[in-house]
Amino acid sequence: MAQDNQQRRDHAAHSAAAAGDAARLQLIETAGFADYALLDSGAGRKLERFGSIVVDRPEPQALWSPRAPEREWRHAHAVFSGDDEEEKGRWRIDRPVPESWPVKVGAATMLCRLASFRHMGLFPEQMPHWEWMLARLAEKRGETPRVLNLFAYTGAATLLAAAAGAHVTHVDASKKAIAWAKENQAASGLTAAPIRWMLDDAAKFAAREVRRGKTYHVILVDPPKFGRGPDGEVWDLFTSLPPLMRDCAALLAPGAALVLTVYAIRASALAFDQLCREVLSGRGGSYQSGELAIREASGERAVPTSLFTRWSPA
Ligand SMILES: C[S@@+](CC[C@H](N)C(=O)[O-])C[C@H]1O[C@@H](n2cnc3c(N)ncnc32)[C@H](O)[C@@H]1O
């Protein structure tokens, strides 16, 4: 009898926890913005407009059928064809495309390019995170907010935070990415903005900042699945992320906020949610975890892009 009651209590506890977990995973979308639109998707591809340029790129998760007429796809300026897994491949130019062209993202101007690995120099799905970061910065009183942007790539978040008056530390392991980010800084008219450009391994940099007792008001972490630091340091998401997140937890100033975004197919938002809850345990606050997606301009379907966890003390 006592054993039955205990089993019933255990079962009730498990289903409550499971219901709690399920309820807290959410979908955050962007429907695009003036200079970016997802025009159509399907058959493993996506058709997007970046500023005035339309590109056709692979999208393995677009399992459904395209809706736009074939001629709209044929009208793309450039088509990327390549091996899905490795994202290797090349661009076929069907209509003239400038070497780089401006794409407005809020207060920043990003120079987009047809880059290797089908990249454009901008991840538009991150717009909801950038807006959330700006809202956290706007809440900051009394001192100039400090932002740490790890794996910062071409610097969209860096420039938006700098335009909002923050002191930003931009960390990336690639000289090319930092040079591109500095071009975007000039294109955004933010050359005087207080940005610290750090060519460094993100994990090493964060560990050093912890030893120095540094703190930040917003920390953005957007690692690749696999990467290398400037001196060949290996970044492997599943082994390198937990220690980095522990260091990021130690770098959070009172009242600070954290955004983790992960582009990894074989992973779940629940995993990153629970990691963040462990490294931030005892701090209360609120968590949001789930998936980022881009909704088609028609409003019909949404293309999933990445996983995320956001934490803020409020
Ligand atoms: C997916 S991109 C980040 C996108 C960026 N957060 C954005 O919103 O535009 C990954 C970046 O991580 C950088 N990276 C890879 N390994 C790294 C490491 N060990 N330390 C620092 N940066 C690294 C790459 O150079 C690349 O710019």
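I began with the second largest pocket, to whose lining helix α2 (residues 70-74) gives the most, with three residues; helices here are DSSP runs of H or I with at least four residues, numbered from the N terminus. The model is predicted, so I noted that local features need pLDDT of at least 70 and side-chain atom pairs count only at pLDDT 80 or more, while totals for chains, interfaces and linings use all residues. Residues are numbered from 1 along each chain as its sequence is written, and side-chain values use heavy atoms, with hydrogens and water left out.

I then looked up the rest of the lining, which has 13 residues, with Arg-45, Asp-56, Glu-70, Trp-73 and Arg-74 nearest the centre of the second largest pocket. By class the lining holds six nonpolar, one polar and six charged residues.

Next I turned to helix α3 (residues 127-139) and helix α4 (residues 156-163), whose axes come within 10 Å and cross at roughly 30°. That makes α3 roughly parallel to α4, a label for angles under 35 degrees. I listed Trp-130, Met-133, Leu-134 and Leu-137 of α3 as meeting Ala-156, Ala-157, Leu-160 and Ala-161 of α4, where contact means heavy atoms within 4.5 Å. This contact of α3 with α4 has eight nonpolar, no polar and no charged residues.

Last, I looked up helix α7 (residues 237-251) and helix α8 (residues 269-279), which pack at an angle of about 35° with their axes 9 Å apart. The contact of α7 with α8 has ten nonpolar, no polar and two charged residues.

Key. Axes are lines fitted to C-alpha atoms, for helices over the stretch in contact, and angles run from 0 to 180 degrees between N-to-C directions. Helices (H or I, at least four residues) and strands (E, at least two) are DSSP runs, numbered from the N terminus. Angles under 35 degrees count as roughly parallel, over 145 as roughly antiparallel, 65 to 115 as roughly perpendicular and the rest as oblique. Ala, Val, Leu, Ile, Met, Phe, Trp, Tyr, Cys and Pro count as nonpolar, Asp, Glu, Lys and Arg as charged, and the others, Gly among them, as polar. On a 1 Å grid over the protein atoms alone, a cavity is a set of points where a 1.4 Å probe fits but cannot get out, and a pocket is an open set with protein on both sides within 12 Å along at least five of seven lines; lining residues have an atom within 4 Å of a point.
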